[in-house]
Amino acid sequence: SNFPFIHVYRPLISYCARMQSAIDSIVLPLRRMHKRQFITQALNFGMIVASALMIWKSLMVYSGSESPIVVVLSGSMEPAFQRGDLLFLAQNEVAPFRVGEIIVFKIEGKDIPIVHRILEVHEKPNGDVDILTKGDNNSHHDHFGIYAQGQQWLSRKHVIGRVEGFLPYVGMMTILMNDYPQLKFALIFVLGLFVITNKEQ
């Protein structure tokens, strides 16, 4: 009762102690590692990253698409696709586009691909096409608010793939990292730290 500030700061002191313990659990293994072991583990992490890039490049070659896998980020295609669904794409420059087909396209000036259904297709004599799309859950087609200003149609150059299959909700982590960028950096940091500090058995 003579020292009331102790009761006020006790939770803060406890929190700081836990933080110090967490930092020690990260720093101490790094200090105990020999230089050669650290380099070996760092190379292992680099191999994991390189392998992931090789797998991605292989998927690009196999599918013919610059983005063979995309995650649904919005609810514009519900109920066909939900947020977090993982889509597998393929690109076929020869096969004609059909009404009702679901494609993924990019608009100039926008970084995020869009997944919508083909509403209209108009073939041109030179082999190109005019495509109009719409989200199943949207009230208007994409000429209103989706395409670039003054753009009325999509052409082949805008399409990065046709949806060939999907896995539900597998991409939710991507949505979390997109909504909270700090989570992405924290996850990369923790993964890299785990690989580096994990001693070979």
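Does Ser67 count as buried or exposed, and at what relative accessibility? At 16% relative accessibility, Ser67 counts as buried. Buried means under 20% relative accessible area, exposed over 50%, and partly exposed in between, with a 1.4 Å probe and protein chains only. Ser67 is found in the loop between helix H2 (35-63) and S1. Helices (H or I, at least four residues) and strands (E, at least two) are DSSP runs, numbered from the N terminus. Not counting residues up to four places away in sequence, Ser67 touches Trp56, Leu89 and Ile160. Contact here means heavy atoms within 4.5 Å.

The model is predicted: local features need pLDDT of at least 70, side-chain atom pairs count only at pLDDT 80 or more, and totals for chains, interfaces and linings use all residues. Residues are numbered from 1 along each chain as its sequence is written, and side-chain values use heavy atoms, with hydrogens and water left out.

In soluble globular proteins, nonpolar side chains tend to be buried together. A nonpolar core is a set of buried Ala, Val, Leu, Ile, Met, Phe, Trp, Tyr and Cys residues joined through side-chain atoms within 4.5 Å. The largest such core has 13 residues. Those with the most contacts inside it are Phe97, Ile103, Phe105, Ile107, Ile131, Tyr147 and Leu154. Strands S3 (102-105), S4 (114-123) and S5 (129-134) each supply at least two residues of this core. S5 gives the most, with three residues.

Phe97 is in contact with Ile103, Ile118, Val121, Val129, Ile131, Arg156, Val159 and Arg162, leaving aside neighbours within four places in sequence. A second, separate core has eleven residues, including Val72, Leu89, Val115 and Ile160. The charged end of Arg162 sits over the ring of Phe97, 4.1 Å from its centre. This label requires NZ of Lys or CZ of Arg within 6 Å of the ring centre and within 35 degrees of the ring normal.

A search of the whole structure finds two aromatic pairs. Rings of Phe, Tyr and Trp (its six-membered ring) pair if their centres lie within 6.5 Å; planes under 30 degrees apart count as stacked, over 60 as edge-to-face and the rest as tilted. The rings of Phe81 and Phe166 have centres 5.1 Å apart and planes at 70 degrees, so this pair is edge-to-face. Phe81 is buried, at 6% relative accessible area, whereas Phe166 is partly exposed, at 40%. Phe105 and Tyr147 also form an edge-to-face pair, 6.2 Å centre to centre with 75 degrees between the planes. Phe105 lies in strand S3 and Tyr147 in the loop between S5 and S6, 42 residues apart.
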